[in-house]
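Take a walk through this model, one site at a time. Keep the sequence and the 3D view side by side.

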Amino acid sequence: MRLSILQYGDPILRAKGARIEQIDDRVRELAANMTETMHAANGVGLAAQQVGESIQLTVLDISQVEDRPTTMRLNREEVDPVSVMPLVLVNPEVDLGREAESGTEGCLSFPEITGEIDRAKSIHVRAQNLEGEPIEIETTGFLARAIQHEVDHLNGILFIDRMSSAAKTSLSSKLKRLQKETQRGLKHRQHAVAETTL
Ligand code: ZN
């Protein structure tokens, strides 16, 4: 089932996700729906907050991105990243490598907005899969960037927070417009809920 993706201005995007203590059918179903939603939107990653759930769950799929190099080790073995997509991470924890690089990012919660963001070139991730098994990922390049973007979402951090102040200033009217639209939508939603309740 496709879910609707929350846009910038929705307060849930600022919520820190709770740790998932029990990986049950509800979590598995949410992960499946998030994956379908991400694919339908042509995204490379989606965090639970973006569909209104503030929990530590994210899905990624970089298999359609061919022009941005990446390497990946899964449980200490070199793998072709495409062979393990879509990737579901439950309760991910990330250690950042020291070296940083700049790259272009977009976000499904910010339509038509992109920016240059500095991220660690390489990361080490500990997480669980949907079977509750611990997984360990070492990755560089594009997948490392995508995971850092999604794990930021899980902690209520958005990519605009990591833009240079000059970049943010040049986007400020676009951002204000988006935030207003979202808040107008939220009011309508609350109004509609109130009417059905009555
Ligand atoms: Zn995003």
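The paragraphs below start at the metal and then turn to the backbone.

This is a predicted model: local features need pLDDT of at least 70, side-chain atom pairs count only at pLDDT 80 or more, and totals for chains, interfaces and linings use all residues. Residues are numbered from 1 along each chain as its sequence is written, and side-chain values use heavy atoms, with hydrogens and water left out.

Start with the zinc ion. Its donors are C107 (SG), H149 (NE2) and H153 (NE2), at 2.1 to 2.2 Å. Donors here are N, O and S atoms within 2.8 Å of the metal (3.2 Å for Na, K and Ca); water is not among the atoms, so sites may look incomplete. Along the chain, the spacing of the zinc donors reads C-x41-H-x3-H. Helices (H or I, at least four residues) and strands (E, at least two) are DSSP runs, numbered from the N terminus. Both C107 and H153 are buried. Buried means under 20% relative accessible area, exposed over 50%, partly exposed in between (1.4 Å probe, protein chains only).

Now the backbone. M85 and P86 are joined by a cis peptide bond, with omega about -10 degrees. P86 belongs to the loop between strand 4 (77-79) and strand 5 (87-96).

Two residues other than glycine have positive phi. For R76, phi is near 70 degrees. R76 lies in the loop between strand 3 (70-74) and strand 4. It is exposed, at 55% relative accessible area. For N91, phi is about 50 degrees. N91 is in strand 5, and is buried at 5% relative accessibility.
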